[in-house]
Amino acid sequence: MPKSRKASAALWIVQGLLAALFLFAGGMKLVMPAEMLKGPVPLPELFLRFIGVAEVCGALGLILPGLLRIRQSLTPIAAVGLVTIMSGAATVTIEGGMVAPAFVPLVVGALATYVVLGRRQWAPLVVRGNR
């Protein structure tokens with residue numbers, strides 16, 4: 001298997017795992033009662049629901065553009081959004097006094113960063129006058 005095919009397969013595996021994780025996590029934020037959404041740092045319920053919507057949209061953005069071969073430039077953009085969410089999650093976890101559990105969102109964010117870097121060729125730069 002050529003290196004590029006191995007890299008592509010690894011990216012698809014990571015994208016699939018991240019999509020499943022974020023579909024589950026985001027879906028739970030959308031359906032769970034407000035009392036169960038409480039964490040180490042109190043955050044408004046509406047904000048947590050917004051994060052849930054963003055996670056579900058990010059999960060779909062990791063998979064659907066590449067699968068359907070439509071607007072593939074959205075995949076690295078979705079991954080950047082998920083990196084942002086995981087950075088915030090790690091920060092809030094550390095702020096809540098729990099340093100060790102912050103490792104989980106840091107690892108997930110690192111995997112999303114891998115997708116950003118691996119799929120950056122799907123988001124070519126638009127050069128002025130050459131559209």
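Q: Which pattern does the protein follow when read along the sequence?
A: The model is predicted. Its secondary structure comes to 4 helices and 0 strands. Read along the sequence, the pattern is α-α-α-α.

Q: What box do the C-alpha atoms of the protein fill?
A: The box is taken along the principal axes. Its dimensions are roughly 50 × 30 × 25 Å.

Q: How are α2 and α3 oriented, roughly parallel or roughly antiparallel?
A: Helix α2 covers residues 45-68 and helix α3 covers residues 74-95. Their axes lie 8 Å apart, and the packing angle is about 150 degrees. Angles over 145 degrees count as roughly antiparallel. That makes the orientation of α2 to α3 roughly antiparallel.

Q: Which hand does the crossing of α2 and α3 have, left or right?
A: Here α2 passes α3. The crossing is left-handed.

Q: How do the residues of the contact of α2 with α3 divide into nonpolar, polar and charged?
A: The α2 side includes Ile51, Ala54, Glu55, Gly58 and Leu62. They meet α3 residues, among them Leu74, Ala78, Leu82 and Ile85. Glu counts as charged and Gly as polar. The division is 11 nonpolar, 4 polar and 1 charged.

Q: How are α3 and α4 oriented to each other, roughly parallel or roughly antiparallel?
A: Helix α4 spans residues 103-118. The axes of α3 and α4 come within 8 Å and cross at roughly 160 degrees. The cut-off for this class is over 145 degrees. The two helices are therefore roughly antiparallel.

Q: How do the residues of the contact of α3 with α4 divide into nonpolar, polar and charged?
A: α3 passes α4 in a left-handed crossing. From α3, the contact includes Thr75, Val80, Val83 and Ala90. From α4, it includes Pro105, Gly109, Thr113 and Val116. The division is 14 nonpolar, 3 polar and no charged.

Q: The charged end of which residue sits over the ring of Trp122?
A: A charge may sit over a ring if CZ of Arg is within 6 Å of the ring centre. Here the distance to the centre of the Trp122 ring is 4.3 Å. The residue is Arg119.

Q: How many aromatic pairs does a search of the whole structure find?
A: Ring centres must lie within 6.5 Å to pair. The search finds 1 aromatic pair.

Conventions
Residues numbered from 1 in each chain as written. Predicted model: local features only at pLDDT ≥ 70, side-chain atom pairs only at ≥ 80, totals over all residues. Heavy atoms only, no water. Axes fitted to C-alpha atoms, helices over the stretch in contact; angles between N-to-C directions. Parallel < 35°, antiparallel > 145°, perpendicular 65-115°, else oblique. Left-handed = near helix turned anticlockwise from the far one by under 90°. Contact = heavy atoms within 4.5 Å. Phe/Tyr/Trp six-rings, centres within 6.5 Å; stacked < 30°, edge-to-face > 60°. Lys NZ or Arg CZ within 6 Å of the ring centre and 35° of its normal.
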